[in-house]
Amino acid sequence: MTKIWFIWKERCNRAFDNQQQTHQQVALEIQRHLAFWHKEKFLVKSKDQVIGNRENKTRKLPVTLHNKLNLDAAWISSSIPAGFAIICRNDAGESTQGRDGPISANDPEEAEALGFLQAAKWARAINLSDFSMEGDCKNLFDYINGEPSQIAWQKKSIMDEVKYEFSFCINFKGFHFVPRTANNAADILAKKARMFKTTISWSTHPPSCIQYVIEVDKSNTRVPPIRPLLDGSTHCDGR
């Protein structure tokens, strides 16, 4: 269905806008679209990452008195706007403020990099401190953390600017890759933001489309882990 949709869109561009791409370009757009919407299938895990059912797929709360910025971007085609979303949450999992809106990008990775830059400039502008950054684009997080990463030089230039902007933030705790399942609220909001006319900043009350997801995240992070006892029964820590 994805292939059919892109082929139909290409035929419309040729018939009504007198624009056309080669079949190789259309195939590349399809591959990028699938890679973006199914990131988990395209991840290359490092040796120290836990795989299988043991992988942590839920959000973790930041340490006491610190915040987390969750970032995501949504991209479909270079001919239509992409969207980015930044959500700031405190150590109780509550959304305190955020920013979202449309951006122009040539591919999914560039959209993520530009979302990073939006987050960096916004954090610096509001004097945000005592926080870390989370997202689910592993290549970019690897690069900015000094790990091997195969990203184009254009994205490297953007990410270098990102690192520079964050260097002005007081007590910044670093960049942390998470699977998409732990970045769900930002993912949903980024997809909505593609349809916005302008960038929006908000505080205290998040957009209605992610309020339920944020509450679910808060609930999941509050559930104490279950550990086995010596007699074979289980005990839920904290109860």
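## Contacts and overall make-up

Among the contacts in the chain that join residues at least 6 apart in sequence, 67% are between residues at least 24 apart. The model is a predicted one, and its chain contains 7 helices and 8 strands. Of the 239 residues in the chain, 42% are buried. The chain exposes about 13700 Å², and carbon and sulfur atoms supply 54% of that area.

## The nonpolar cores

The largest nonpolar core has 32 residues, and those that touch the most other members are Leu69, Phe116, Met133, Val162, Phe166 and Phe175. At least two residues of this core come from each of strand E1 (67-74), strand E2 (82-89), helix H3 (108-125), strand E4 (131-135), helix H4 (138-144) and helix H5 (153-166). Helix H3 gives the most to this core, with 8 residues.

Once its neighbours within four places in sequence are left aside, methionine 133 is in contact with Leu69, Leu71, Phe116, Ala119, Phe141, Phe166, Phe172, Gly174, Phe175 and His176. Another core, of 11 residues, lies apart from the largest one, and among its members are Ala85, Ala186, Ala190 and Trp202.

Helix H1 covers residues 2-16, and at 1.5 Å a residue its 15 residues should span 21 Å, which agrees with the 21 Å between its end C-alpha atoms. Within H1, the residues Phe6, Lys9, Glu10 and Asn13 are buried. These four lie on the same side of H1, because they cover an arc of only 100 degrees around the axis. Ile4, Trp8, Arg11, Ala15 and Phe16, on the other side of H1, are exposed. The helix is followed by asparagine 18, which has a positive phi, near 55 degrees.

A salt bridge joins arginine 14 to glutamate 10, with the closest N and O atoms 2.9 Å apart. Both residues belong to helix H1 and are 4 residues apart, about one turn of the helix. An α-helix has 3.6 residues a turn, so residues three or four places apart point the same way.

Side chains of opposite charge can pair when their charged atoms come close. The structure holds 10 salt bridges, and one of them brings together the side chains of aspartate 217 and arginine 89, at 3.1 Å from N to O. This pair links distant parts of the chain, since aspartate 217 is in helix H7 (residues 208-222) and arginine 89 is in strand E2, 128 residues apart. Aspartate 217 counts as buried at 8% relative accessibility, and arginine 89 is buried as well, with a relative accessible area of 1%.

The side chains of arginine 180 and aspartate 187 also meet in a salt bridge, at 3.9 Å from N to O. Arginine 180 counts as buried at 9% relative accessibility, while aspartate 187 is buried with a relative accessible area of 4%. Both residues take part in a network of salt bridges that links Asp136, Arg180, Asp187 and Lys191.

## Two further buried charged residues

Lysine 68 and asparagine 90 are 22 residues apart in sequence, yet their C-alpha atoms are 6.6 Å apart in space.

Glutamate 165 lies in helix H5 and counts as buried at 10% relative accessibility. With its neighbours within four places in sequence left aside, glutamate 165 is in contact with Ala120, Lys121 and Arg124.

Conventions
Residues are numbered from 1 along each chain as its sequence is written. This is a predicted model: local features need pLDDT of at least 70, side-chain atom pairs count only at pLDDT 80 or more; totals for chains, interfaces and linings use all residues. Side-chain values use heavy atoms; hydrogens and water are left out. A nonpolar core is a set of buried Ala, Val, Leu, Ile, Met, Phe, Trp, Tyr and Cys residues joined through side-chain atoms within 4.5 Å. Buried means under 20% relative accessible area, exposed over 50%, partly exposed in between (1.4 Å probe, protein chains only). Contact means heavy atoms within 4.5 Å. The expected span of a helix is 1.5 Å times one less than its number of residues. The arc is that of the directions from the helix axis to the C-beta atoms. Accessible areas come from the Shrake-Rupley method with a 1.4 Å probe; for residues, only the protein chains shown count as cover. A salt bridge is a side-chain nitrogen of Lys or Arg within 4 Å of a carboxyl oxygen of Asp or Glu.
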